[in-house]
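User: Could we go through the pockets and the charged pairs of this model? Please keep the answers brief.

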Amino acid sequence: MAEKQKFKWHSWATPYILIFPTLIGLFVFRLIPIVSSFVLSFSNWNLIKDPVFNGLENYKELFSDPDFWVILGNTLKITVGYVVGGMVFGLLLALLVNNKIRGMNFFRAAIYMPVITSSVAVGIVWLRILGPKYGILDYLLKMVGITAPYWLQDPKIALWTVTFVQVWKMSGYYMILFLAGLQSISTDVIEASVVDGASPRQRLFRVIIPMLSPTTFFVFTVAIMDAFKNFELIYAMTKGGPQNATNTLVYSVYVNAFSYFRVGYAETIAWVLMAVVGSLTLVNFYVKKYWAQPLE
């Protein structure tokens with residue numbers, strides 16, 4: 001009896017057919033908007049009339065605008081504060097919850113809860129807490145005889161206040177990443193350091209943190225990208241004020257595009273933002289080999 005021919009449901013074209021819907025989404029929602037954005041950065045467009053090509057005028061105007069350098073400085077400041085704060089608090093929280101005791105999953109979930117909470121909702125809640133007249137924090141400080149500063153109205157501290165709120169919101173995310181790194185460290189290494197007489201501080205700085213370098217590199221890269229797209233909290237809490245003290249590149253893109261209807265100029269700012277983030281990411285990957293060593 002002749003052997004039955006097996007049913008062949010696929011051919012050489014099957015993989016291409018399966019990825020075709022994804023490719024459509026990639027081109028329609030990713031690549032085409034990116035190319036269009038780059039082209040529009042060399043034009044003058046107000047969303048009503050047709051775009052008018054104006055060459056490098058947008059870039060010349062941007063780099064000659066004093067406010068741009070203030071906004072760029074704000075962006076770099078909030079990036080440094082957010083990256084350092086998020087990584088430090090994320091690591092500390094990970095070390096605290098990296099224990100097998102009853103109820104620890106509850107604390108992990110509670111710490112992570114702000115991460116999945118709407119940024120606008122978080123901003124509104126903190127706006128009520130930090131309010132100059134009816135804020136809860138202001139009321140509590142007055143009870144102990146302390147005059148609270150104007151957290152969101154003082155140009156000197158408004159940026160750092162927003163940075164603190166962003167760090168508070170996202171520390172749980174970096175906690176999860178560091179926790180995964182901590183649990184990937186072999187317990188034999190930790191036990192060997194204990195046998196050798198290493199103190200808890202020595203184990204932390206000479207064993208645990210060096211072995212966390214791959215995780216630290218990943219967290220550092222992700223934190224940089226998260227810092228540069230901090231928009232919702234600024235929109236909800238300060239609207240870029242006071243006196244441009246909390247205005248950042250990504251918020252400036254929104255204002256120029258949808259408040260001033262200068263879409264071409266907004267696209268120019270967006271591409272400068274992409275150049276800054278891309279440059280920092282490339283530098284980070286370049287220096288990775290000097291400090292991020294893989295686990296062995």
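**Pockets and salt bridges**

User: How much space lies in the second largest pocket?

Analyst: About 270 Å³ of space lies in the second largest pocket. A pocket here is an open set of points on a 1 Å grid over the protein atoms alone, where a 1.4 Å probe fits, with protein on both sides within 12 Å along at least five of seven lines. Grid points are joined across faces, edges and corners, and the volume is the space filled by probe spheres set on the points. This is a predicted model, in which local features need pLDDT of at least 70 and side-chain atom pairs count only at pLDDT 80 or more, while totals for chains, interfaces and linings use all residues. Residues are numbered from 1 along each chain as its sequence is written, and side-chain values use heavy atoms, with hydrogens and water left out.

User: Which residues lie nearest its centre?

Analyst: Of the 16 residues that line the second largest pocket, D65, I71, S252, N256 and Y260 lie nearest its centre. Lining residues have an atom within 4 Å of a point.

User: Which helix gives the most to that lining?

Analyst: That is α12, with 4 residues. At least two residues each come from α2 (57-64), α3 (66-97), α12 (249-258) and α13 (263-291). Helices are DSSP runs (H or I, at least four residues), numbered from the N terminus.

User: And what about the largest pocket?

Analyst: The largest pocket holds about 460 Å³ of space. Its lining has 15 residues, with N98, L182, T187, I190 and I208 nearest the centre. Helix α9 supplies the largest share of this lining, 4 residues.

User: Changing topic, how many salt bridges are there?

Analyst: The count comes to 4 salt bridges, each being a side-chain nitrogen of Lys or Arg within 4 Å of a carboxyl oxygen of Asp or Glu. One of them joins E61 and R262, whose closest N and O atoms are 2.9 Å apart.

User: Where do those two residues lie?

Analyst: E61 lies in helix α2 and R262 in the loop between α12 and α13, so the pair ties together parts that are 201 residues apart in sequence. E61 is partly exposed at 34% relative accessibility, and R262 is partly exposed at 29%. Partly exposed lies between buried (under 20% relative accessible area) and exposed (over 50%), with a 1.4 Å probe and protein chains only.

User: In the D226 pair, is D226 buried or exposed?

Analyst: D226 counts as buried, at 13% relative accessibility. Its salt bridge partner is K229, at 3.7 Å from N to O, and K229 counts as exposed at 53%.
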